[in-house]
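Visitor: Please take a close look at one helix and go through what can be said about it. How it sits among its neighbours is of particular interest.

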Amino acid sequence: MATQTASVLLARDIMTTRLITLDPDMDVFHGIKVLVKNKISGAPVVDSHKTLLGIFSEKCCMKVLIDAAYDGLPTNQIGKFMDDDPTTITPETDLLTIAQIFLTTPRRRLPVVEGRKLVGQVSRRDVIVAASKIMTLDKNHQPPKKVLLYLSALHEMNDAPAV
């Protein structure tokens, strides 16, 4: 990635496009095994047309555990346990907006959609990696002044995007 300023860096520049996805009809215990095997904390749930239906996460797995213990697990389909209203972004969402969403919500990943079609995902780590590339130090070991001004804007919670 070429050195860019944060105001120009967009979701499409930092998103992961090779994703592990889950099917809503998949057995929930198979889905848990997929998360564990791949060492991921969650995965998008999509239909056969790559339409985003939700997110199946570690938190969803906790619901499976509780339901199994108390209710005998009335269903075993991922679609019944997924978060069916995930916060999403578009490929044109800028880095500052993405960082503010992560700062103001408990989300760990943001599906990137065009319409309802899943085209990628941005994680908290993706934002940190992008920020670290932007904040290259000069010969005096100081970040560029524009970067400092940009990062100071992260503290302005009044301007956080509504989610």
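Guide: pLDDT is the predictor's confidence in each residue, on a scale from 0 to 100. The protein chain of this predicted model averages a pLDDT of 85, and 77% of the residues score at least 70. Residues are numbered from 1 along each chain as its sequence is written, and side-chain values use heavy atoms, with hydrogens and water left out. In this predicted model, local features need pLDDT of at least 70 and side-chain atom pairs count only at pLDDT 80 or more, while totals for chains, interfaces and linings use all residues.

Helices (H or I, at least four residues) and strands (E, at least two) are DSSP runs, numbered from the N terminus.

Buried means under 20% relative accessible area, exposed over 50%, and partly exposed in between, with a 1.4 Å probe and protein chains only.

At the start of α2, D27 brings a side-chain oxygen to within 2.8 Å of the backbone nitrogen of F29. A polar contact is a pair of N or O atoms within 3.5 Å; within protein, one must be able to donate a hydrogen and the other to accept it, and residues adjacent in sequence count only if both atoms are side-chain atoms. Just after α2, K39 has a positive phi of about 55 degrees.

For context elsewhere in the chain, confidence is lowest in helix α6 (residues 145-152), with a mean of 52, and highest in strand β4 (residues 117-123), at 98. Five of the seven residues of β4 are buried. Strand β3 (residues 109-114) pairs with β4 in the antiparallel sense over six bridges; two strands pair if DSSP finds at least two bridges between them. One of these bridges joins V113 to L118 in β4. The hairpin has two residues between the strands, and G115 takes a positive phi near 70 degrees there.
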